[in-house]
Amino acid sequence: MAIARFGRQAKRPHGFCLKMTAVAVLGLCFIFVWSMFSSTSSSVVSQRESFDDIAEPVSTNTKPSNSGTQSKKKQMENHESSKEDNRVKVESDLDRKDDKRVNGSVALVVEEEHKSGKKDEKEVAKEKREKGKKLPQGVAKKNDEPKQSEAEDLQKEKEEEEEEEVLDGEDGIDIDGEDNGDKEGDSDLAESVDQESEEKLEDGGGESRNRGRKRKIKGPLFDPKAHYFWKLCSTRSKHNYMPCIDIESGTTKLQSYRHTERSCPRTSLMCLVPLPHDGYGMPVRWPESKLKILHKNVAHPKLAAFVKKHSWVVESGEYLTFPQNQSEFKGGVLHYLESIEEMVPDIEWGKNIRLVLDIGCTDSSFSASLLDKEVLALSLGLKDDLVDVAQVALERGFPAVVSPLGTRRLPFPSTAFDAIHCGGCGLSWHSNGGKLLLEMNRILRPGGYFILSTKYESIEEEEAMSRLTASICWNILAHKTDEVSEVGVKIYQKPESNGMYELRRKKNPPLCKENENPDAAWYVPIKTCLHSIPSAIEQHGTEWPEEWPKRLDTYPDWLNDKERVIADTKHWKAIVDKSYLTGVGIDWSNIRNVMDMKAIYGGFAAALSQQKVWVMNVVPVHAPDTLPFIYERGLVGVYHDWCESFGTYPRSYDLLHADHLFSRLKNRCNKPVSIVVEMDRILRPGGWTIIRDKVEILDPLEGILRSLHWEIRMTYAQDKEENALSSFTKKTRY
């Protein structure tokens, strides 16, 4: 009826106007409703956009995105590609909250869920504040964003940074709940992290800067509701897989299965490296491992042939044995070391010579004999080390790291080593303009020694080497062929001052520019120039350090923050003595290879100096550059970016120590879970991990480790604190 009536009215003269009016009213209502929903959607997109753009500045070669749906689409594509790689499947698990702890572990805090709720509220407030921040160039601000004064913006930004900042070793938690830390000193260090990391990345070159780009991550680092299913890696190198070293091309022959440069996969490693084919046995305890190791733990196709050709390693049943004083050199390694001291009496092993870099890692008996003399020799496994002798050294309990030596710098600071040894390493030092020798010159301490020994050397190579060493002012102290070992030994010494450089007739290679940072080493090409010898009091390397072990607790004049170093040393000394050695359930007689994944001043390693362990101190590339001081103390370490795989073999370490590592990496890595996968790769079955971090990070982290079949042995949270300590052990099965 109503329709008929409306039709009759429409036929009247004024009916057409009535009809148009009704249509206009309905259209306006539709537009009003649509605009309401559209404004809500754009507001959400604005929040998402502002966080993404602040997190990752727009590249000059990339057109900025103007919609949040594009970034969301990109994330979904990345997620789908990870599925296609069969790396890991992540599913929602709503019942995860009830499964807080297993294996009798202690809950972190009672109010944990309540705290996570507070964190969500903070994140919402943070999003609102971020909307008022300045966006990168090329990104437009929304007109409906709230306006704030510059003073309010700066104040809120400062509060936010303080809220997010993690104090390195801030509260000194131990089992008894005592506060052993120096909060003030650690706070000063933490506040300088971002500024110094930016300067470091700028010095390190464009590639390093791109790898260190920061991203803003909303919410927790690990999704507490995620559930993980893992698969074994299907790689050509199988149980010895090193993601950033090994080539995984199906057409590549085994003889050249290593990258000539460090080159990581495009996607982070999200699979588990399998155990050896014959299983994995519990490693032989130190110091017995100096003399024998389980052969199946280091099995490799080329190793059997290598054993038959060398006298210093013998296959005996299921073990590889290492007869004492046997080496590549006739007469034994002890005679070889003594002959070096006779040629250059200033070389005193274990006194003025504490840190040695052994290039090539062809004979681990060299490291073994030096260790008896209180010398810490770090073996450098090269890309062409096909028989995995570096893995043998690690299994024996000797320091070793794998890094290609080609066109990029090694991950060490300048003036780090007291001596560098190359015993038949087969490198052409004079080729490519002498780049490799220039890199040795960078990391060698002024006045340090370069020891080169070989059985065969052509006249052409000898002349080329003589010209090269003369051009960089290395003084040859000895050149002698030992009658017993039948090895020709040359010992060079790096100059102690710049006076020798000024006297050169030909300035080739030239001196590096003053703004060239000699300590920048992560993805930095080798420079074809000579860095000046440090001479100012504020530069490290100006003076030779004290004899060992006095140098461990000696603070040089160039160190500006001695108070913080002293506080850091006391801090870790108290924690190690009161907690780690007695309270976390670790049998330290099974611990030999230790890694501090976020070393600051080496305080953790110094606290373990009386234990029968060695510590690899890792200084993250985004952190303040404290690695030169770690070497000054007589300890070893490397630079590393934990968003990538570490340069070592699987199952290398007995214990990993991570103090607030994950908190500092929240806005750096695309897949933070890959760090946990990397820890699983480098830790030996039955090994231990000690993690100190925020409660909201440790809670989901424990779930991830349980999915990897790790056991939680101890969890402790200090009252009224947001930080906790947990210890985990890795099971032998997957």
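Predicted model: local features only at pLDDT ≥ 70, side-chain atom pairs only at ≥ 80, totals over all residues.
Residues are numbered from 1 along each chain as its sequence is written, and side-chain values use heavy atoms, with hydrogens and water left out.

**Exercise 1. Find how many disulfides there are and how the bonded cysteines pair.**

Step 1: Start with the rule, which takes a disulfide to be a pair of cysteine sulfur atoms within 2.5 Å.
Step 2: Applying this rule gives five disulfides.
Step 3: Now number the bonded cysteines of the protein chain in sequence order; the pairing then reads 1-4, 2-3, 5-6, 7-8, 9-10.

**Exercise 2. Describe the link of C244 and C264.**

Step 1: The S to S distance of this disulfide is 1.9 Å.
Step 2: The link of C244 and C264 is right-handed, with 105° about the S-S bond.
Step 3: Both C244 and C264 lie in the loop between β2 (226-230) and β3 (292-294), so the pair ties together parts that are 20 residues apart in sequence. Strands (E, at least two residues) and helices (H or I, at least four) are DSSP runs, numbered from the N terminus.
Step 4: For accessibility, buried means under 20% relative accessible area, exposed over 50%, and partly exposed in between (1.4 Å probe, protein chains only). C244 is buried at 3%, whereas C264 is partly exposed at 23%.

**Exercise 3. Work through the disulfides C422 with C425 and C643 with C669.**

Step 1: In the disulfide of C422 and C425 the sulfur atoms are 1.6 Å apart, and the -75° about the S-S bond makes the link left-handed. C422 and C425 are buried.
Step 2: C643 and C669 have their sulfur atoms 2.1 Å apart. Their torsion about the S-S bond is about -85°, so this disulfide is left-handed.
Step 3: C643 sits in the loop between β15 (636-640) and β16 (653-659), and C669 in the loop between α19 (661-664) and α20 (673-682), so the pair ties together parts that are 26 residues apart in sequence.
Step 4: C669 is buried, at 1% relative accessibility.

**Exercise 4. Compare the reach of helix α16 with its expected span.**

Step 1: Helix α16 covers residues 562-580, which is 19 residues.
Step 2: Buried residues of α16 include V565, W572, I575 and Y580.

Conventions: Expected span 1.5 Å × (residues − 1).
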